[in-house]
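Please keep the sequence and the model in view while reading.

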Amino acid sequence: MVERSTHQEIPLGEEATAVLGQFDRNLAVVRELFAQVRLTHRGGTVRIEGPQEEVERVSNLFQKLLEVVHSGHVPTPDEVRYLSQQIKESESLDGVLSEPIQTTHWGEQIRPKTVGQAKYVQAIRENDIVFGIGPSGTGKTYLAVAVAIDYLKRGLCHRLILTRPAVEAGEELGFLPGDIEAKVSPYLRPLYDAIFDMIPYEEVKRMMENGRIEIAPLAFMRGRTLNNSFIILDEAQNTTATQMKMFLTRLGFKSKAVITGDITQIDLQKGKSGLKDVQHILKNIEGIAFVYLDKRDVVRHPLVKKIIEAYEKSEGKAKT
């Protein structure tokens, strides 16, 4: 059966340069990934010719790119490549690159860049407890901090609390130099880095002094009730089952908790990971969501994704 050919014209107007990229680099990516389609750009309009199904896909891609540009973001060739691949796989692109959550000091808008990240951000907004589980580089902590700061700035919570277990220190913590803040600071550094990207240092310092932002090791959460708070537990794969239960039962009224971790990177010397157990204990409870990110959601250097794939391949061989 001969596949029906068709054509369609997409008017890009003044946004043509932003959509197609500098020197038509974005357009080159689309041509590479949709080899059966012929693309012609004239006078701010793109003409798409080819098999009907492919034309519809490319048309949807350009409509998505226009939506992204209208929201204030200029898509990069890497982002166009990702969107193209998702459309080829018939994935929904709702929320991807569409809505800025925060803006960094250097003016870069923080947006969900993948389907998984978009689902993760949506889950945080719609549920009071969210578990973000996936490998390094998928934006689990960074996006959670961005949403938390948005809530703090808009008055949807009174304070932001970030915590993580200092597992690497183990019994050696007491032998480290300095006061307790100096002892645990190295283990909390990733949380500081995320916040300092979005809020100036002096402002963070003031907010920490008046209690609006708190960064502390997990042990400091015991015995507390956290009302009107946005709480993030990072590196949760290194919590024991007892610690996880302790943390989750700190949640007070008008509060939200996000728990992030990578169950392939457990540093506990003995005992089970609380993050592994909780997936079975709390499944199917309304108001609690589990979002699983994977290598497709990695937004660091392109080599990070290849590294993850190489380790997955190696671990798969080791099991057989």
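In which helix does Arg-57 lie? Arg-57 belongs to helix α3; helices (H or I, at least four residues) and strands (E, at least two) are DSSP runs, numbered from the N terminus. The model is predicted, and local features need pLDDT of at least 70, side-chain atom pairs count only at pLDDT 80 or more, while totals for chains, interfaces and linings use all residues. Residues are numbered from 1 along each chain as its sequence is written, and side-chain values use heavy atoms, with hydrogens and water left out.

**The chain as a whole**

The protein chain contains 11 helices and 11 strands. Its C-alpha trace spans about 70 × 50 × 40 Å along the principal axes. Of the 320 residues, 47% are buried; buried means under 20% relative accessible area, exposed over 50%, and partly exposed in between (1.4 Å probe, protein chains only).

Three strands form an open sheet in the order β1-β3-β2, with antiparallel pairing. Two strands pair if DSSP finds at least two bridges between them. The edge strands, β1 (5-11) and β2 (38-42), each pair on one side only. Between β1 and β3 (residues 45-51) there are seven bridges in the antiparallel sense, and His-7 stands opposite Glu-49 in β3. Helix α3 (residues 52-70) packs on this sheet and touches β1, β2 and β3; the direction of α3 makes about 155 degrees with that of β3. Axes are lines fitted to C-alpha atoms, for helices over the stretch in contact, and angles run from 0 to 180 degrees between N-to-C directions.

**Two buried residues**

Arg-57 counts as buried because its relative accessible area is 18%. Leaving out residues up to four places away in sequence, Arg-57 touches Phe-34, Ile-87, Lys-88 and Ser-90, where contact means heavy atoms within 4.5 Å.

Asp-234 is found in the loop between β9 (229-233) and α9 (241-248). Asp-234 is counted as buried because its relative accessibility is 5%. Apart from neighbours within four places in sequence, its contacts include Thr-163, Arg-164 and Leu-191.

The table lists a side-chain polar contact for each residue. A polar contact is a pair of N or O atoms within 3.5 Å; within protein, one must be able to donate a hydrogen and the other to accept it, and residues adjacent in sequence count only if both atoms are side-chain atoms.

| Residue | Partner | Distance |
|---|---|---|
| Arg-57 | Glu-53 | 2.9 Å |
| Asp-234 | Thr-141 | 2.6 Å |
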